[in-house]
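Hi,

Here is the structure I promised to pass on. Have a look at it first, and then read my notes on the charged pairs and the nonpolar cores below.

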Amino acid sequence: MRAFVFPGQGSQTIGMGRALAEAYPAARAVFDEVDAALGEKLSGLIFEGEIDELTLTRNAQPALMATSIAAMEALKSEGIAVTDAAFVAGHSLGEYSALCAAGSLRLDDTARLLRLRGEAMQAAVPVGEGAMAALLGLDLAGAREVAEEAAQGETCQAANDNDPSQVVISGSRAAVERALDIAKAKGAKRAILLPVSAPFHCALMAPAARAMAEALEGVEIREPAVPVVANVRAAAVSDPAAIRSLLVDQVTGAVRWRESVEYMAGEGVTEFWEIGAGKALTGMIRRIAKGTATRTIGTPEEVAAAKG
């Protein structure tokens with residue numbers, strides 16, 4: 001049994017998806033549609049722009065989604081459909097890619113939602129007032145202890161439970177900085193600030209959650225062709241009303257990636273395909289569900305190998 005998974009922020013690189021667009025007209029059409037939906041040539045930035053500009057969250061979110069959907073369209077051109085998977089799932093913004101791939105969201109709506117999501121997340125907290133840090137060598141319970149001790153009346157929360165030895169915390173900058181020393185004292189192998197522009201997936205994102213609730217009200221959400229494993233629930237969902245609600249909750253809620261992978265493996269998934277840019281999720285999956293097969297699909301060569 002197979003699952004298709006879709007990466008989140010941090011996987012972006014200049015040139016991602018370009019070879020797919022050159023090799024597959026259906027992949028090229030994805031980038032063209034995203035450009036039209038946003039009213040600008042985002043594909044030019046993706047293929048040959050500056051990494052600092054691509055990394056801005058308002059650009060990275062729709063860009064990574066476009067690259068993932070282009071890879072899905074390339075697979076479809078080779079006879080591999082989303083329904084060949086038992087589940088789809090994505091890490092943070094990757095959940096939107098998963099929903100788009102499964103036909104729950106239209107591509108143009110997904111692009112506009114992610115542009116708004118990026119802008120709303122950035123606007124929620126003034127630059128420099130929030131931070132995120134990766135705690136390596138601590139599990140979720142340990143990271144929560146660190147966050148609670150570091151908060152001291154400010155916001156500090158476990159934001160991404162990525163794998164058994166990597167949890168990301170998010171919140172007020174001073175609290176997250178306090179957490180670095182506390183984590184090391186509690187046995188973390190490393191505790192490092194992340195180069196992000198806002199404290200994602202914590203209570204400080206409440207203004208962005210309100211913006212997304214309003215935006216999602218105006219968008220049609222259909223039942224996905226295969227169940228989507230939602231970040232905040234770490235379980236499969238297919239009901240459009242539940243999907244809408246969970247996408248709002250996701251803005252301030254934790255990304256339960258470890259549990260999501262464990263859920264899919266427990267349901268019988270033995271093979272995970274990472275669709276789009278990079279291989280960050282593949283590394284996490286190998287640490288979570290040891291013994292499962294993994295594959296990355298981001299180049300024409302990888303698409304061809306998957307067909308074989």
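Let me start with Lys186, which forms a salt bridge with Glu145, the closest N and O atoms being 3.8 Å apart. A salt bridge here is a side-chain nitrogen of Lys or Arg within 4 Å of a carboxyl oxygen of Asp or Glu. Lys186 sits in the loop between helix 9 (173-185) and strand 6 (190-193), and Glu145 in helix 8 (residues 140-151), so the pair ties together parts that are 41 residues apart in sequence. Helices (H or I, at least four residues) and strands (E, at least two) are DSSP runs, numbered from the N terminus. Lys186 is partly exposed at 38% relative accessible area, and Glu145 is partly exposed at 46%. For these words, buried means under 20% relative accessible area, exposed over 50%, and partly exposed in between (1.4 Å probe, protein chains only).

Before going further, some housekeeping. This is a predicted model, in which local features need pLDDT of at least 70 and side-chain atom pairs count only at pLDDT 80 or more, while totals for chains, interfaces and linings use all residues. Residues are numbered from 1 along each chain as its sequence is written, and side-chain values use heavy atoms, with hydrogens and water left out.

The whole structure has 21 salt bridges. One of them joins Glu119 to Arg58, with 2.8 Å between the closest N and O atoms. This pair links distant parts of the chain, 61 residues apart: Glu119 is in helix 7 (residues 107-124) and Arg58 in helix 5 (residues 57-77). Glu119 is partly exposed, at 34%, and Arg58 is also partly exposed, at 30%.

Lys307 and Glu78 meet in a salt bridge too (3.3 Å, N to O). There is also a network of salt bridges that links Arg106, Asp108, Asp109 and Arg112.

Now for the nonpolar side. The largest nonpolar core has 78 residues, and those with the most contacts inside it are Phe4, Leu75, Val88, Met205 and Ile275. Helix 5 gives the most to this core, with 10 residues. Such a core is a set of buried Ala, Val, Leu, Ile, Met, Phe, Trp, Tyr and Cys residues joined through side-chain atoms within 4.5 Å.

Leaving aside neighbours within four places in sequence, the contacts of Met205 include Met121, Phe200 and Val251; contact means heavy atoms within 4.5 Å.

Best wishes
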